[in-house]
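Here are some notes to read beside the model, written as numbered points. Please keep the sequence and the structure in view as you go through them.

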Amino acid sequence: MTTATGHGAVQPSLGGLVYLLDLEQVDALVFRGPPPNDVKRQVFGGQVIAQSLMAASRTVEAGRAVHSLHSYFLLSGDPTLPIVFLVERVRDGRSYTTRKVVARQNGRDIFILTASFHVSEEGVEHRPPSPIGQVPHAEDLEPTRFQPGFLHPIDMRPVPAGAAPGTTGRPVRHVWARADSALPEDPIIHTGSVAYASDLTMLVTALVPHALVAGSPDVMMASLDHSMWFHRPFRGDEWLLHETESPIAHGGRALTRGEIYDQAGHLVASIAQEGVLRRRRSS
């Protein structure tokens with residue numbers, strides 16, 4: 001079993017991923033995450049996804065990597081306070097391990113996550129065509145910050161509209177992303193970094209056909225649920241291409257789906273997310 005080192009051992013930096021993902025182990029199944037030390041109005045969804053995954057992973061025996069997670073956002077979190085993560089051992093099987101995590105602040109549950117872990121094994125293989133090579137590489141693009149007021153430890157390089165492969169009419173975006181500094185040689189941290197980044201690339205895709213901008217006063221967006229499937233190993237501090245689409249928005253909600261590719265064209269992870277999407281009413 002791996003153990004947390006305690007976040008006091010890591011020097012915090014503004015939004016530093018290693019700082020955020022280095023949970024303090026309070027008890028065998030209880031962890032505490034540090035506050036982000038920045039100016040967010042609420043806890044960023046990717047942070048609580050990644051920290052919950054880290055808590056679950058720290059209770060799983062070595063040799064088992066996460067292959068899927070499913071989560072729900074219940075309440076907004078306070079970015080000035082640490083979050084406590086309560087882990088439940090749901091199942092420890094011969095090939096699969098299941099954990100449930102409840103994230104709590106001030107006695108209130110703000111987020112729940114279930115994650116499944118799997119031993120490495122051989123099997124049949126197939127994969128979809130890759131967009132790698134059909135879009136400009138990250139090094140040829142400018143970095144950006146998607147949401148004003150949120151300072152993220154992720155280097156994001158969106159592919160301009162018109163520079164991506166043709167689509168079937170659904171809103172599609174391509175964004176390169178990686179941690180903005182080198183990460184430790186710990187696969188769990190690399191997985192956590194991509195879980196963090198995944199919440200940056202999803203719901204904004206639903207804005208594309210409506211000429212709306214994330215963070216603008218006339219848009220209300222919030223994640224409702226978030227699921228990920230991890231297919232093969234990757235490094236979170238190397239460029240990964242996020243391809244996202246939004247097949248539908250209706251009734252104040254939008255659905256988005258995504259795939260993440262490494263630079264060799266391997267599909268390394270898949271994502272699905274539903275969120276609140278509303279136009280704010282003028283006062």
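1. In which helix or strand of the protein is confidence lowest, and in which is confidence highest? Among these elements, which are DSSP runs (helices, H or I, of at least four residues; strands, E, of at least two) numbered from the N terminus, the mean is lowest in helix H1 (residues 17-21), at 90, and highest in strand E5 (residues 96-105), at 98. These values are pLDDT, the predictor's confidence in each residue, from 0 to 100. Over residues 1-15 the pLDDT is below 50.

2. This is a predicted model, in which local features need pLDDT of at least 70 and side-chain atom pairs count only at pLDDT 80 or more, whereas totals for chains, interfaces and linings use all residues. Residues are numbered from 1 along each chain as its sequence is written, and side-chain values use heavy atoms, leaving out hydrogens and water.

3. An open sheet of 12 strands, with antiparallel pairing, has the order E1-E2-E4-E5-E6-E3-E9-E12-E11-E10-E8-E7, where strands pair if DSSP finds at least two bridges between them. Strand E1 (24-27) and strand E7 (154-158) stand at the edges with a single partner strand each, so one side of each is left without a neighbour in the sheet.

4. Histidine 190 belongs to helix H3 (residues 187-201), and this residue is buried, with a relative accessible area of 4% (buried means under 20%, exposed over 50%, partly exposed in between, with a 1.4 Å probe and protein chains only). Leaving aside neighbours within four places in sequence, the contacts (heavy atoms within 4.5 Å) of histidine 190 include Leu183, Phe234 and Asp237.
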